[in-house]
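Dear colleague,

Please find below the structure I was asked to hand over to you. My notes on what was found in it follow directly after it.

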Amino acid sequence: ANVGSGRNICLAFSPGGTILATGSQDRTIKRWDFEAEKEIATLTGHLMGVTSVTFSPDGQHVASSSADGTARLWSVQSKKEVRVFRGHSGWLHDVCFSANGKQIATAGWDRTIRLWNSETGQKLLTLRGSSKPVLGCAISADSRRLVGACGDGTIQVWDVERALNPEKFIPHWVVKSAQLKDDKQGQTLREITAYMASHISEERP
């Protein structure tokens, strides 16, 4: 399938696995019927390239982040923009939902992670600690911890309720993205996709 006029940067499946969302340098988000390889919708509103897309846990919304410094929430049913999350300075690298869908986290070039109420758009927290841009973010299943994959070579974990200074885990490589999930024993696992520091530019793209 031809998925856009620009280079595609990111993609995500819906919870049911039947719909694929793609984000592109051409500033659009597209939704696809995966089996039919058919475009369902094109979402427009970002002013620069889309850097991350994700579905809400109930599959009713898509969240996106962009080099324009905003995150946006889109209705799957109406195919329209629901709200815009503004506050970062510089572009965003990642966006994610909490397990209950009530919160959204964003990771940015401005070295912060921000936590938002997805239903009202209210900013709940601004979390700092990285000396370089935050490249990825994840919220634990119980919504108590927020994890950032940072360009300074650390994975930082914040206690959301207490907004404590982050614990630091220092890997051998600069972390590109991080994801939390629960295994069958209910233990929280940190899955880390890492690239050597030389693979990540120190300059703003």
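Which residue in β10 is the bridge partner of Val95? The bridge partner is Thr106.

Please note that this is a predicted model, in which local features need pLDDT of at least 70, side-chain atom pairs count only at pLDDT 80 or more, and totals for chains, interfaces and linings use all residues. Residues are numbered from 1 along each chain as its sequence is written, and side-chain values use heavy atoms, with hydrogens and water left out.

Strands are DSSP runs of E with at least two residues, numbered from the N terminus, and two strands pair if DSSP finds at least two bridges between them. Four strands form an open sheet in the order β9-β10-β11-β12, with antiparallel pairing. At its edges are β9 (92-97) and β12 (123-128), each of which pairs on one side only. On average, neighbouring strands of this sheet are turned by 15° against each other, direction ignored; the axes are lines fitted to C-alpha atoms, and angles run from 0 to 180 degrees between N-to-C directions. Five bridges join β9 to β10 (residues 103-108) in the antiparallel sense.

Two loop residues also deserve a mention. Most residues other than glycine have a negative phi. Arg27, in the loop between β2 (19-24) and β3 (28-33), has a positive phi of about 80°. Arg111, in the loop between β10 and β11 (112-117), has a positive phi of about 75°. Arg27 is partly exposed at 42% relative accessible area, and Arg111 is partly exposed at 45%. Partly exposed lies between buried (under 20% relative accessible area) and exposed (over 50%), with a 1.4 Å probe and protein chains only.

Yours sincerely
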